[in-house]
Amino acid sequence: MAKITFDGIEVEVPDGTTILNAARQIGGGVVPPAMCYYTPLKGSGGKCRACLVKVSAGSAKDPRPMPKLVASCITTVQDGMVVENTINQQVLDVRKGIVEMLLINHPLDCPVCDQAGECSLQDFAFEHGVSTTRYEEERRTFEKIDIGPLIQLHMTRCILCYRCVYTANQITDNRVHGVLGRGDAAEIGTYIENIIDNDFSGNVIDVCPVGALTDKTFRFKQRVWFTKPVNAHRNCSHEKCEGRVTLWYKGKDVLRVTARKDEYGEVKEWICNECRFDKKETADWVLEGPAHINRASVIAQNHYELPVVNPQVIQDLPESTTRELERNPPLKLGGLNG
Ligand code: SF4
Ligand code: FES
């Protein structure tokens with residue numbers, strides 16, 4: 001086991017754990033953002049730099065700081081390591097730069113993008129970016145590629161996180177797409193315009209952090225925040241699919257079916273294409289109840305928890321202010337109504 005201090009909080013984790021996963025054991029606001037790392041996908045991480053942190057002491061044996069910020073998703077902990085994330089100004093400044101870099105080529109077409117409302121880049125930019133841009137050059141453009149009847153590829157939105165490539169490699173038998181080209185010319189493609197067509201291909205939609213891969217059967221049907229997520233399951237005949245999904249309703253209609261995701265937006269169980277694309281009737285499913293979206297994104301609307309005020313702070317407020325806050329709370333008062 002290794003004991004590390006992350007943002008002043010001590011946590012003990014098994015040897016070999018990455019800094020990011022150690023932070024996730026603490027949870028809450030100290031966890032670094034991740035745009036490419038994805039727990040279920042072996043080898044993911046190390047591409048986007050969203051998760052950079054400062055290691056201010058390498059280990060108990062060698063407490064020297066690491067000279068550069070490190071990617072927390074691929075750097076493993078050492079006993080006695082001290083890591084700074086939200087308490088380090090350099091990390092916060094660099095993270096602003098990472099947002100800016102990811103947005104260099106990403107179009108600002110959120111108003112017409114199906115991913116809007118559940119886009120990790122939107123959330124990342126909202127939480128860590130700046131509200132202005134310095135970019136004046138033209139953005140990259142690509143030839144349109146049709147990758148089949150179920151999945152829409154918008155290459156201009158891709159941030160080259162490689163998640164979809166790992167997904168196709170690791171959960172399907174025949175990956176036909178990958179990252180072609182290098183540097184500025186790198187793009188997701190299916191060499192010689194192959195169609196992505198296998199029983200689990202739809203999972204690339206769920207892992208894509210942006211709107212580069214979206215569900216063609218849901219395209220332009222509804223903004224996701226106007227749909228209601230409901231957990232459901234069915235007896236799926238596919239040997240690798242447990243049939244546990246989230247149905248997204250508008251009124252009585254099931255507009256789309258997705259895998260269930262955890263608080264980090266990671267798929268809990270892969271689902272097959274039959275469940276995802278062919279079962280869009282309520283009668284196909286056993287409903288379990290409303291799905292709770294436990295990450296702060298637009299799709300979690302009406303589920304936002306109010307930030308809790310430290311009871312110590314409340315004690316020091318004048319009584320009239322406390323009464324006013326209780327009547328009309330912009331915040332949840334820990335220890336009073338919390
Ligand atoms: S298409 Fe999406 S999942 Fe694939 S590399 Fe681009 S951003 Fe990542
Ligand atoms: S999440 Fe660590 S580099 Fe992308």
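How many of the nine residues of helix α4 (residues 163–171) are buried? Seven of them are, which leaves the helix mostly covered; a residue counts as buried if 20 or more other C-beta atoms, placed from the backbone, lie within 10 Å of its own. The model is a predicted one, where local features need pLDDT of at least 70, side-chain atom pairs count only at pLDDT 80 or more, and totals for chains, interfaces and linings use all residues. Residues are numbered from 1 along each chain as its sequence is written, while chains are lettered from A and ligands numbered from 1 in the order in which they are written.

Back to α4: its buried set is Arg163, Cys164, Val165, Tyr166, Thr167, Ala168 and Ile171. These pack against β7 (178–180), β8 (187–189), α5 (203–207) and β9 (213–215). Helices (H or I, at least four residues) and strands (E, at least two) are DSSP runs, numbered from the N terminus, and contact puts C-beta atoms, placed from the backbone, within 7 Å.

Then there is the pair α2 (residues 89–104) and α3 (residues 120–128), packed at about 140° with axes 9 Å apart. Here Arg95, Lys96, Val99, Leu102 and Leu103 of α2 meet Leu121, Phe124, Ala125 and His128 of α3.

As for strands, β1 (residues 2–6) runs antiparallel to β2 (residues 9–13), paired over five bridges; pairing takes at least two bridges found by DSSP. Isoleucine 4 sits opposite valine 11 of β2. Two residues lie between the strands of this hairpin, in which aspartate 7 has a positive phi near 50°. Strand β1 also runs parallel to β5 (residues 82–84), joined by two bridges, with phenylalanine 6 partnered by valine 83 of β5.

Technical notes:
Axes are lines fitted to C-alpha atoms, for helices over the stretch in contact, and angles run from 0 to 180 degrees between N-to-C directions. Two residues are in contact if their C-beta atoms, placed from the backbone, lie within 7 Å. A residue is buried if 20 or more other C-beta atoms lie within 10 Å of its own, exposed if 12 or fewer, and partly exposed in between; C-beta atoms are placed from the backbone.
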